[in-house]
Structures are given as C-alpha cells and as structure tokens.
Amino acid sequence: MPSIDVCFSPALLPLYDLTGKIAVAVDVLRATSSMVTALANGVTHIAPVSELEACLAYRNQGYLVAAERDGIKADGFDLGNSPFHYLDDDYTGRLLAITTTNGTQAIRQSRTADEVLIGAFLNVGAVAEYVRRAGKDVVVVCAGWKGLFNLEDTLFAGALAERLQGDFALNNDATLAAFHLYQAAKPDMLGFLSKSSHVQRLERLHILKDTEFCLQEDTYTVVPVLKGDFLVPTE
C-alpha cells in the first residue's frame, strides 16, 4: 500500500527522498490557490519562478506577470497573488508567470520527485483522485512561511490524508498530526485559523475574503502538474 507523508516546510526537504514519489506542493494562502484558479479559468500554462526580475522578463514573451512579496502585490506587475485576480477578466489562452514569497519556492524545490502536483483546498478532491490512480507514495510539501511551519498548509495535508485513508497508509507521524489537526478544524476552518499568523497578516491587509475563498473545498477539478518549467493541467 502506498503511503502519504508530510513535509512541514521546504527547509526540511533535505530529510526527504522524493525519488519515485509524487510531491504535492501547497501554499493555501494564496499561491497554489491562485494557480489552480488561474488554470481553471482559462490560463494555458504557468511559469513559477523564484525571483522578481526573472518573472518580469517573461512579459517580453507575451506573458502576464504576477508577483507578491509579504502578502502585497509587487510594483510593476500585472497581477498579484489573489485568486480573485484570475476571476476578474477573461484569461482564456493567456500565459502566466508568477513569483511569490513561499509557494513558488516550494514548487521548485520539489522537482526531484517523479511528479510535482499543485494542491489547494479548491482542488483537494481532484488531487486525491489523481494520486489514488497513480498509486505512488505521496509527500505533501507545505510552503510554510519563509521556512517556518504554518497551519493552513498542514490542514490541507490533513484533508488530503482523510480523502486517501483506506487506500494509503497514514502511518507517518507528520501525516497523523496533520490528519488530526484537520479533524479538529473541519467544522469551522476559518475560526480554527483565525489566530494563525498568515490569516492575521491577510486581515491586516484587509483581504479576509481571500482566506474565505481559499478554504473552500472542491471548487475546481483541475490538477496542475509541473512539466519542465511550466505548470499545466493534468490530462
């Protein structure tokens, strides 16, 4: 039986062997939620990049460029890191390059896995179905916050573990911790996260609506996968 494990921060990835496994990179608030929303609403593919300058350079190739640092849209970019930015217009056929404080780093650092998928509460059911069909060990790579643990990405790992129980072994301590945290949080996710550092950070920026949107489960069926340097929908 395959297993699901959880890496609470990309800083811990050197302790994990991703060879032969599927990595599910997650940054619930808000990078991976925005990526899933973008692809679900017409964006053809996404280039996740680490640095602002590298992201901005994609504009010369006809890309929309999006950037966030410390929760705020970076100056000089078309879009920021809110999923609502990808609902406000028709992006059918558009290309997107994006860089964020945490999420794009987690994606790029997971590349030693057989496949890198993008997870969010918005597509958690579709991710669960994809990895169930693949039948490989899974490691959820939580983006965290600047190398530190965060609660919302861990809750996603617990939600995914719940969807996979019975078909995947949940016998890693990190997985069990995430699973039980999600059980406690599930009746009132927003309330459970209300004192968490990033939710409070977003509240100070007056974008609580983003948090509420990103905590919705199974809004989309798209599962982004990293192909070379680009995220595209799985076939």
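Which residue of β10 is the bridge partner of Lys227? The legends below come to this residue in the first view. This is a predicted model, in which local features need pLDDT of at least 70 and side-chain atom pairs count only at pLDDT 80 or more, while totals for chains, interfaces and linings use all residues. Residues are numbered from 1 along each chain as its sequence is written, and side-chain values use heavy atoms, with hydrogens and water left out.

**View 1. The hairpin of β9 and β10.** The bridge partner of Lys227 in β10 is Phe230. Strands β9 (residues 224–227) and β10 (residues 230–233) pair in the antiparallel sense over four bridges, where two strands are said to pair if DSSP finds at least two bridges between them. Helices (H or I, at least four residues) and strands (E, at least two) are DSSP runs, numbered from the N terminus. Two residues lie between the strands of this hairpin, and Gly228 there takes a positive phi near 65°.

**View 2. Helix α4 and its neighbours.** The buried residues of helix α4 (residues 124–134) are Val124, Ala126, Val127, Ala128, Tyr130 and Val131; buried means under 20% relative accessible area, exposed means over 50%, and partly exposed lies in between, with a 1.4 Å probe and protein chains only. These buried residues pack against β2 (22–26), β7 (115–119), β8 (138–142) and α5 (151–164), with contact meaning heavy atoms within 4.5 Å. Just after α4, Gly135 has a positive phi of about 70°.

**View 3. The largest nonpolar core.** A nonpolar core is a set of buried Ala, Val, Leu, Ile, Met, Phe, Trp, Tyr and Cys residues joined through side-chain atoms within 4.5 Å. The largest one has 41 residues, and those with the most contacts inside it are Ile4, Phe121, Val140, Phe156 and Leu160. Helix α5 gives the most to this core, with seven residues. Leaving aside residues up to four places away in sequence, Leu160 touches Ile4, Val24, Val124, Val127, Ala128 and Val140. A second, separate core of 34 residues includes Ile46, Leu64, Ile98 and Phe213.
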